[in-house]
Amino acid sequence: MSDDKKISHLNEEGRAKMVDVSKKSITTREGVARALVKMKPETLRKIKSGTVKKGDVLAVSQVAGIMATKKTSEIIPMCHPLQITGVDIKFGFRDKEGIVEIESTVKTVDRTGVEMEALVAVSACALTIYDMCKSIDRAMTIESIQLMRKSGGKSGEFKRE
């Protein structure tokens with residue numbers, strides 16, 4: 001198999017390996033991801049008004065997302081430990097639909113990107129919202145976890161249409 005057709009996460013025996021990034025350039029990299037948590041509009045009202053019995057749902061979710069970002073390489077087997085230089089978590093609301101939009105922006109100056117870190121961040125935020133609100137709304141769903149954009153590195157820019 002030629003080098004350009006080789007799957008980077010497999011060794012010559014066809015077994016999983018962590019890619020060697022030692023020859024890659026250190027560049028500024030950014031990843032932005034999004035997730036949606038759908039719930040009853042009444043559940044969203046309780047989150048926004050701070051009346052969920054477990055506490056401030058969004059504050060706890062935000063901290064969970066930041067913590068998860070830093071632990072990504074511990075839970076995703078082929079991810080490299082990275083020096084994260086910044087994490088920002090933002091929430092948006094679609095009140096009538098009962099939707100919380102979660103967006104994470106993760107930054108680093110390193111040899112590999114932070115797309116997985118951004119995706120793990122929104123996943124942890126969404127799961128935390130579910131955990132804190134499940135006693136009042138077990139029908140919540142977590143949807144549309146996706147990379148919105150990334151920058152830096154050899155592959156350059158990606159932006160979801």
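Five strands form an open sheet in the order β2-β3-β1-β4-β5, with antiparallel pairing. β2 (84-94) and β5 stand at the edges and have a single partner strand each, so one side of each lacks a neighbour in the sheet. α2 packs on this sheet, where it touches β2 and β3 (99-110), and its direction makes about 145 degrees with that of β2. The model is predicted: local features need pLDDT of at least 70, side-chain atom pairs count only at pLDDT 80 or more, and totals for chains, interfaces and linings use all residues. Residues are numbered from 1 along each chain as its sequence is written, and side-chain values use heavy atoms, without hydrogens and water.

**Exercise A: the elements**

State how many helices and strands the protein has, and in what order the elements run.

*Solution.* To begin, count the elements: the protein has four helices and five strands. These are DSSP runs numbered from the N terminus (helices: H or I, at least four residues; strands: E, at least two). Next, read from the N terminus; the order is β-α-α-α-β-β-α-β-β. Finally, note the extent: the C-alpha trace spans about 55 × 30 × 30 Å along its principal axes.

**Exercise B: the strand pairs**

Work out how many bridges join β2 to β3, β1 to β4, and β4 to β5.

*Solution.* Two strands pair if DSSP finds at least two bridges between them. Begin with β2 and β3, which run antiparallel and are joined by ten bridges. Here Arg94 stands opposite Ile99 in β3. The hairpin of β2 and β3 has four residues between the strands, and in it Gly98 takes a positive phi near 70 degrees.

Continue with β1 (residues 27-38) and β4, an antiparallel pair with eight bridges. Lys38 faces Thr141 in β4.

Conclude with β4 and β5 (residues 158-159), antiparallel strands that two bridges join. Lys150 has Phe158 in β5 as its bridge partner. Six residues lie between the strands of this β4-β5 hairpin, where Gly152 has a positive phi near 95 degrees.

**Exercise C: two helices**

Describe how α2 and α4 cross, and which residues meet.

*Solution.* Start with the geometry: the axes of α2 (residues 57-70) and α4 come within 7 Å and cross at roughly 145 degrees. Axes are lines fitted to C-alpha atoms, for helices over the stretch in contact, and angles run from 0 to 180 degrees between N-to-C directions. The crossing of α2 and α4 is right-handed.

Then find the contacts (heavy atoms within 4.5 Å). Among the residues that meet are Val57, Leu58 and Val60 in α2, and Glu117, Val120 and Ala121 in α4. The residues of this contact divide into twelve nonpolar, five polar and one charged.

**Exercise D: the largest pocket**

Determine which residues lie nearest the centre of the largest pocket and which helix gives the most to its lining.

*Solution.* A pocket is an open set of points on a 1 Å grid over the protein atoms alone, where a 1.4 Å probe fits, with protein on both sides within 12 Å along at least five of seven lines; lining residues have an atom within 4 Å of a point. Of the 24 lining residues, His9, Val19, Val21, Lys24 and Thr112 lie nearest the centre of the largest pocket. α4 gives the most to the lining, with three residues.

Key. Left-handed = near helix turned anticlockwise from the far one by under 90°. Nonpolar A, V, L, I, M, F, W, Y, C, P; charged D, E, K, R; others polar.
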